[in-house]
Amino acid sequence: MASLLRNSGKITTTAGLIARPGFQGGRGFGLSSFSLFFSSPRRFQTTESESRVDSHCYDDEISQKFSVLGGKVPYTSGMRFTSELPEEKVPCYRVLDNNGQLIDSRNFAGISKEIAMKMYTDMVKLNTMDTIFYEAQRQGRISFYVTTTGEEAINIASAAALKIDDFIVPQYREPGILLWRGFTPQDFANQCFSNKFDDGKGRQMPVHYGSKKLNYFTVASTIASQLPHAVGAAYSLKMDGKDACVVGYFGDGGSSEGDFHAALNFAAVLEAPVIFLCRNNGWAISTPASDQFRSDGVVVKGQAYGVRSIRVDGNDALAMYSAVRSAREMAITEQKPILIEAVTYRVGHHTTSDDSTRYRPLEEIEWWQMARNPLTLYRKWLESNGWWNDEAEAELRSNSRKELLKAIQVAEKIEKPPVGDMFTDVYDAVPSNLFEQEKLLQQTVTRYPQDYPSDVPVRAVPSS
Amino acid sequence: MISAGVGGRQLGGDLAGAAVVVVVIPRRRSRSIQSTAAGEALRCGGGGIKNAWSLQGTRPAILASRSFSSAAKEMTVRDALNSAIDEEMSADPKVFLMGEEVGEYQGAYKITKGLLEKYGPDRVLDTPITEAGFTGIGVGAAYHGLKPIIEFMTFNFSMQAIDHIINSAAKSNYMSAGQISVPIVFRGPNGAAAGVGAQHSQCYASWFASCPGLKVLAPYSSEDARGLMKAAIRDPDPVVFLENELLYGESFPVSAEVLDSSFSLPIGKAKIEREGKDVTITAFSKMVGYALKAAEILSKEGISAEVINLRSIRPLDRATINNSVRKTNRLVTVEEGFPQHGIGAEICASVVEDSFEYLDAAIERIAGADVPMPYAANLERLAVPQVEDIVRAAKRTCYRSSSLAATA
């Protein structure tokens with residue numbers, strides 16, 4: 001009985017009942033109890049309402065004035081449940097076809113050659129960095145790494161569409177934006193090796209990059225907590241009246257967190273110039289998107305909160321560039337939040353602590369590596385413009401690889417941060433108890449050097 | 001009852017930059033004793049006050065404290081908080097308020113009364129019901145350079161936002177190596193009110209005080225409220241500001257120095273409310289009042305108690321506490337919250353570590369009962385410390401009780 005009920009269309013029950021599953025737009029429902037108890041034909045919507053669907057009634061003016069809903073709400077005497085899923089999934093915006101050709105040149109605003117080239121070279125550099133740093137972790141040279149494989153277009157194209165004044169509030173799979181803005185391979189390596197040149201003073205795990213200079217908030221491990229932060233920062237920009245917006249990145253998994261809902265709701269109420277950019281890559285560690293939510297992805301949640309939204313092919317660099325450019329324009333001139341769902345695939349494992357072949361088929365990973373690979377696709381478009389060729393590719397890959405390997409070698413040899421750095425920045429000024437503790441630690445390390453690692457320098461903390 | 005409240009506020013606005021004095025009338029009969037004729041005159045003559053103060057000149061702090069050293073003025077804790085927030089918002093345009101009911105409703109407990117009208121909806125934001133949301137937004141705004149004051153209707157509701165307080169606000173400066181600072185204040189009533197049950201009565205002092213990166217303050221009097229609130233707003237670090245609902249309506253005498261707009265109290269310094277030599281009693285927030293009453297009772301029985309108002313839970317003023325215990329040799333810690341891992345436990349550890357040889361008796365901890373707060377009035381009374389409990393504990397440390405059972 002249960003399986004019959006899941007099909008739309010007419011079904012007959014043992015009691016001779018005709019049930020009509022599927023309300024307008026609906027797709028099946030659980031009604032086992034209905035059909036068993038009634039012997040006469042029942043309908044689930046009044047027949048009159050079908051013909052009267054166009055003639056809405058509205059409240060009179062005074063009722064509208066005091067209405068809780070605001071504005072004119074049409075009334076209908078036909079009882080209708082909105083389906084849990086739309087008839088058709090929200091369309092996904094795409095600019096390049098599988099051969100790297102523009103599908104419809106009218107719908108693409110265009111891009112300068114300079115930016116287009118930098119986009120590709122940065123995507124290749126990001127991809128190379130991921131390969132090399134992942135290997136370094138496997139060799140035991142760094143403790144941990146998170147790759148962005150498959151999501152290079154989202155990273156680089158979105159960064160290219162923004163300006164340096166736009167604040168980035170990342171999750172942890174967006175190092176490409178730092179790369180675009182000028183973080184060097186050495187900067188990335190220094191953080192991963194947590195040496196003394198790390199901007200983060202060795203305080204955090206690898207890939208927890210941050211740069212005040214490049215307007216990129218330091219990565220935190222908590223999921224989706226950055227989304228309300230993005231709204232708060234956007235509010236600050238709004239109060240300053242700046243020609244800039246904030247972009248908060250998150251994944252399909254992050255959209256389940258309470259913070260996501262609070263952030264979108266609040267951003268709409270506050271009218272904050274913030275772009276919520278979801279990298280829907282299908283997986284949250286081993287949880288597939290089908291176990292994460294039952295809606296049509298993340299894009300439909302925008303309308304639920306009164307937020308304008310779009311679904312984009314995240315592996316299409318030009319589509320990403322175009323969509324983020326427009327979203328930025330809207331967010332700043334109209335002072336409102338925008339939601340972008342970039343549909344993509346997490347080709348790599350969640351992190352180096354994960355082996356994704358344990359929970360998903362290898363064929364699926366390989367298929368995504370080939371089909372709509374963001375680098376391959378975009379490269380085809382560049383080559384069709386005569387802007388790229390095999391020699392350039394080989395040279396770029398070789399140079400990037402050399403640069404990154406060197407960065408790792410150098411970073412590995414640099415001293416670690418001094419012991420004094422453990423005690424600073426807890427507060428704005430070092431409190432007396434920490435100052436005392438650091439002095440005591442210094443004395444102990446100096447007196448018993450054999451008990452402590454030799455490559456950790458001891459240096460005094462300045463007292464406030 | 002003439003309300004000089006509005007006049008007082010306008011006064012503040014007119015004299016911005018000069019002496020800012022807010023003379024207010026307590027909303028209900030205050031519990032304090034002073035009610036001199038001079039005091040009455042001051043309360044009813046708003047205009048007279050303005051003229052008197054305007055003679056002080058532009059740098060009144062020093063002059064005022066010399067000319068008006070006697071505390072004839074009284075102020076409720078509510079007004080102390082309101083005036084402190086008002087003055088700081090006036091002085092720094094980056095300071096803004098956010099919380100449920102803080103604007104149109106004038107504040108769930110009227111602490112933010114009049115501020116929406118004065119500063120507008122850009123700086124006083126009424127929020128949807130999402131503590132996680134507005135706390136996160138406040139943290140993000142602080143990251144970007146604003147100075148938010150986030151109000152929790154009570155700190156019980158801060159539990160829904162505690163991730164942002166601990167993992168984001170407290171740790172960001174450290175994790176970002178100083179690139180991201182979080183000059184935010186989280187404030188609201190903490191601890192037991194009256195007849196509000198388990199989910200509205202918990203004291204969260206020890207929850208926040210255990211976390212490095214946060215500062216935790218707990219004012220008692222109006223002077224504490226004004227001074228600590230101003231210090232908190234000006235502080236570049238995240239501050240958790242624990243108020244008490246039952247103290248909002250209480251009036252305390254305030255000196256002219258306290259009323260000055262540049263007044264602030266140092267964070268991390270406790271105050272010795274009453275000097276004594278036989279036993280040290282530490283307390284914070286509402287329990288300071290109880291400790292003072294206990295000290296009064298004890299003095300009649302020949303025990304001179306020194307009452308320390310902690311003011312600052314983190315950093316804890318270990319020096320003042322230890323110096324006091326080295327003088328009296330006995331200690332009773334008092335708090336409203338649950339006993340295990342409470343503030344008293346930390347004070348006890350500190351004294352045992354630093355002043356062990358000075359103790360003549362075991363340290364006594366007075367805390368709330370180890371149960372979720374019951375609602376029935378008689379049970380509630382039994383679940384929170386009472387003055388008699390403090391008196392008995394002090395006597396026990398002085399070996400004055402006849403038996404171990406608390407029947408004295």
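This is a predicted model: local features need pLDDT of at least 70, side-chain atom pairs count only at pLDDT 80 or more; totals for chains, interfaces and linings use all residues.
Biologist: Is Val298(A) buried or exposed?

Modeller: Val298(A) sits in the loop between α11 (289-292) and α12 (300-304) of chain A; helices (H or I, at least four residues) and strands (E, at least two) are DSSP runs, numbered from the N terminus. The C-alpha atom of Val298(A) is 7.5 Å from that of Cys278(A), 20 residues away along the chain. Buried means under 20% relative accessible area, exposed over 50%, and partly exposed in between (1.4 Å probe, protein chains only). Because its relative accessibility is 0%, Val298(A) counts as buried.

Biologist: With which side chain does the side chain of His208(A) make a polar contact?

Modeller: His208(A) lies in the loop between α8 (185-192) and α9 of chain A, and its relative accessible area is 8%, so it is buried. Not counting residues up to four places away in sequence, it touches Gln191(A), Thr218(A), Val219(A), Ala220(A) and Ser221(A). A polar contact is a pair of N or O atoms within 3.5 Å; within protein, one must be able to donate a hydrogen and the other to accept it, and residues adjacent in sequence count only if both atoms are side-chain atoms. At 2.8 Å, the partner is the side chain of Ser221(A).

Biologist: What share of the residues in chain A is buried?

Modeller: Chain A has 17 helices and nine strands. Of its contacts between residues at least 6 apart in sequence, 71% join residues at least 24 apart. Among the 464 residues of chain A, the buried share is 50%.

Biologist: And what share of chain B counts as buried?

Modeller: Chain B has 17 helices and 14 strands. Of the contacts in chain B with a separation of 6 or more, 79% are between residues 24 or more positions apart. Of its 408 residues, the share that counts as buried is 59%.

Biologist: Which three residues supply more than any other three of the area that chain A buries against chain B?

Modeller: Buried area is the accessible area (1.4 Å probe) that two parts lose on being put together, summed over both. Between chain A and chain B it is about 3100 Å², and carbon and sulfur atoms give 64% of that. The three residues in question supply 22% of what chain A buries there: His229(A), Phe266(A) and Tyr427(A).

Biologist: Which element gives the most to the side of chain A that touches chain B?

Modeller: In all, 35 residues of chain A are in contact with 39 residues of chain B, and 15 residue pairs are in polar contact (both at pLDDT 80 or more). Helices α9 (226-240) and α10 (258-270) of chain A each supply at least two residues of the side of chain A that touches chain B. With ten residues, the element giving the most is α9(A).

Biologist: How many salt bridges does the rule find across the interface of chain A and chain B?

Modeller: A salt bridge is a side-chain nitrogen of Lys or Arg within 4 Å of a carboxyl oxygen of Asp or Glu. Over all chains, the structure holds 47 of them. Across the interface of chain A and chain B, the number found is zero.

Conventions:
Residues are numbered from 1 along each chain as its sequence is written. Chains are lettered from A and ligands numbered from 1 in the order in which they are written. Side-chain values use heavy atoms; hydrogens and water are left out. Contact means heavy atoms within 4.5 Å.
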